[in-house]
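The following exercises are to be worked with the sequence and the model at hand. Each task is followed by a solution in steps.

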Amino acid sequence: MCGIVGYVGPRQASGLLVEGLRRLEYRGYDSAGITILGPDGDLHTVKRAGKLDELDRAIAVDRPAGTCGIGHTRWATHGPPTRDNAHPHTSADGSIALVHNGIIENAGTLRTKLQAEGVVFRSETDTEVVVHLVDRLWVKGGTLEDAVAKALEQVIGAYGIAVVSSRDPNKIVVARNGSPLLLGVGNDGEVLVGSDAAAVIAHTRNVVYLDDGDYAVLTPDGYRTYHLRQGPVQRQVHRVTWDLEAIEKGGFEHFMLKEIFEQPRSLEDVMRGRLLEEEGAARLGGVTVSDADLQGIERIVLTACGTSWHSALIGEYMLEELARIPTKVEYASEFRYKNPVVDEKTLVIVISQSGETADTLAALREARRRGAKVMGIVNTVGSTIARETDFGVHLHAGPEIGVASTKAFTSQVAALALFTLYMARRRSLSILEGRKLVAALQALPGQVTEILQQNDRIRELAKVYQDAPNVLYLGRGYQFPVALEGALKLKEVSYIHAEGYPAAEMKHGPIALIDENMPVVFLAPRDGVYHKVVSNIEEVKARDGQVIAVVNNGAEELLGIVDHFIQIPETHPALLPILTVIPLQLLAYHIALLRGCDVDQPRNLAKSVTVE
């Protein structure tokens with residue numbers, strides 16, 4: 001979710017680059033920088049940790065002049081948000097500068113190889129590997145694009161890159177694989193590059209979207225597009241018709257809706273490079289503890305707050321069912337004040353989107369004080385929790401701007417599924433069952449896309465229930481935490497009172513509330529407890545309750561009983577929560593919108609709770 005912008009043409013580049021980066025601020029970032037090819041023939045790089053105002057002040061002092069350059073806003077993935085880790089990164093002699101979005105999966109291997117050849121690294125990023133690789137592969141008398149193409153042959157992972165060099169001036173080479181990149185085709189010898197249209201449409205609405213495997217050469221004479229395997233290619237020029245204000249949210253009305261629709265991509269990103277199809281297993285580079293130590297774990301405690309606590313509940317089901325490890329879930333705010341039973345044979349997993357949640361951080365420290373191994377599942381590299389855990393898994397979901405968490409929740413559940421697979425294959429899970437789970441994980445992004453196509457129908461459903469004073473969410477097994485999460489989303493953004501319960505517990509109190517004015521959302525996929533849930537549905541209908549059922553294939557017996565169906569695809573039972581929660585996110589969003597609520601910044605709520 002970082003931002004890339006580049007410019008080559010007749011105008012001074014630095015102001016244009018900063019303007020383009022400001023258009024990308026909504027994406028989230030923690031450092032920024034630019035490189036300009038100066039009239040002296042050298043590259044001039046200015047970068048700072050922090051916001052663009054810090055970069056602006058530095059540029060005002062350095063005053064880099066030149067009509068060709070690249071810029072970047074970074075959201076930390078490899079290494080904390082420091083000036084050294086900020087982009088652009090340069091070669092040892094300063095003659096090549098490069099910016100990059102994405103994750104280089106074989107960065108460790110390439111770094112080791114380059115270090116053996118004498119390369120000295122100045123950052124902790126995966127990106128710096130690429131600029132040194134371009135440098136080493138540049139043939140004397142060759143072109144920048146040839147060197148970049150050779151380097152990319154050795155790179156595994158997702159990238160959107162832009163590169164400039166004083167050895168081959170007035171030229172930008174860009175390339176894309178899995179990370180969006182487009183060209184802005186201007187007038188009077190101007191060509192721009194951006195990670196989305198917001199970066200370029202202040203200057204041109206004519207854009208060329210690069211495909212995976214494409215690279216392009218930008219000069220004042222125009223641009224040329226190539227494919228790494230196919231050679232020269234032609235890509236269509238599109239006319240952008242959106243307003244700047246709209247595309248700051250990617251064309252969505254709100255960040256919450258944008259982030260709901262980003263979930264196919266965020267799920268891909270959390271799984272990228274981590275699934276082993278043949279072995280039916282997971283590879284987690286962040287889990288640095290030895291297999292012997294993992295085998296010595298006798299108990300797992302998951303601790304978190306809010307939405308992250310709900311993902312932890314799903315993780316509890318996964319770890320006990322598939323990895324056969326006794327697991328308990330604790331509110332971090334309670335764990336820190338009790339006398340928890342943890343020791344050196346306990347693994348404590350702390351979950352936090354921001355990595356700064358005060359109660360979760362305190363729980364982490366208490367667990368470590370008692371001798372437990374502590375693992376983090378966070379979305380923010382360089383956060384306090386990421387630094388203080390013994391090992392962990394980064395979500396790579398990109399910044400989540402909407403206060404009500406959506407894509408972070410499903411990414412957390414996916415990360416817990418990966419860790420469960422990682423542990424289960426080291427214990428009792430067969431390779432056949434492991435392969436089934438891997439295949440199901442790989443199918444999730446496409447299945448979420450399929451559910452999102454029901455957005456218009458769910459919007460119409462929201463109109464029916466927008467004035468409900470109360471809503472009850474019910475589910476069993478893996479679906480009970482989804483019921484809690486669905487209720488929380490509705491409370492957070494629409495201010496309707498909602499409760500989530502295990503479906504069987506309805507008869508122990510909540511059934512007294514059910515009448516013709518009470519909507520009840522049932523999570524009813526066909527799983528091991530499906531028929532029990534059907535019985536609960538019939539009990540609600542016998543009391544005139546209104547039923548919305550989230551189901552998958554084969555729910556014919558509910559026809560004529562429930563008031564509304566929302567259909568989801570089939571998947572592994574442990575992964576069903578990732579699919580069943582999507583309609584509940586959309587329902588909460590549309591009800592809140594109909595009620596005139598601020599869905600991105602609900603009253604009284606903060607994105608990250610950093611104080612007790």
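**Exercise 1.** Determine with which side chain that of Thr580 makes a polar contact.

*Solution.* The partner is the side chain of Gln479, at 2.7 Å; a polar contact is a pair of N or O atoms within 3.5 Å, where within protein one must be able to donate a hydrogen and the other to accept it, and residues adjacent in sequence count only if both atoms are side-chain atoms. The model is predicted: local features need pLDDT of at least 70 and side-chain atom pairs pLDDT 80 or more, while totals for chains, interfaces and linings use all residues. Residues are numbered from 1 along each chain as its sequence is written, and side-chain values use heavy atoms, without hydrogens and water.

Thr580 has a relative accessible area of 0% and is buried (under 20%; exposed is over 50%, partly exposed in between; 1.4 Å probe, protein chains only).

Finally, list the neighbours: leaving out residues up to four places away in sequence, Thr580 touches Gln479, Val482, Leu523, Pro525, Val550 and Ile568 (heavy atoms within 4.5 Å).

**Exercise 2.** Identify which residues of α18 are buried and where they lie around the helix axis.

*Solution.* The buried residues of α18 are Tyr530, Val533, Val534, Asn536, Ile537 and Val540. Viewed down the axis of α18, these buried residues fall within an arc of 160° and so line one face of the helix, the arc being taken from the directions from the axis to the C-beta atoms. They pack against β25 (519-523) and β26 (546-551), whereas exposed His531 and Lys532 sit on the face turned away from the buried side.

Terms used:
Helix = DSSP H or I, 4+ residues; strand = E, 2+ residues; numbered from the N terminus.
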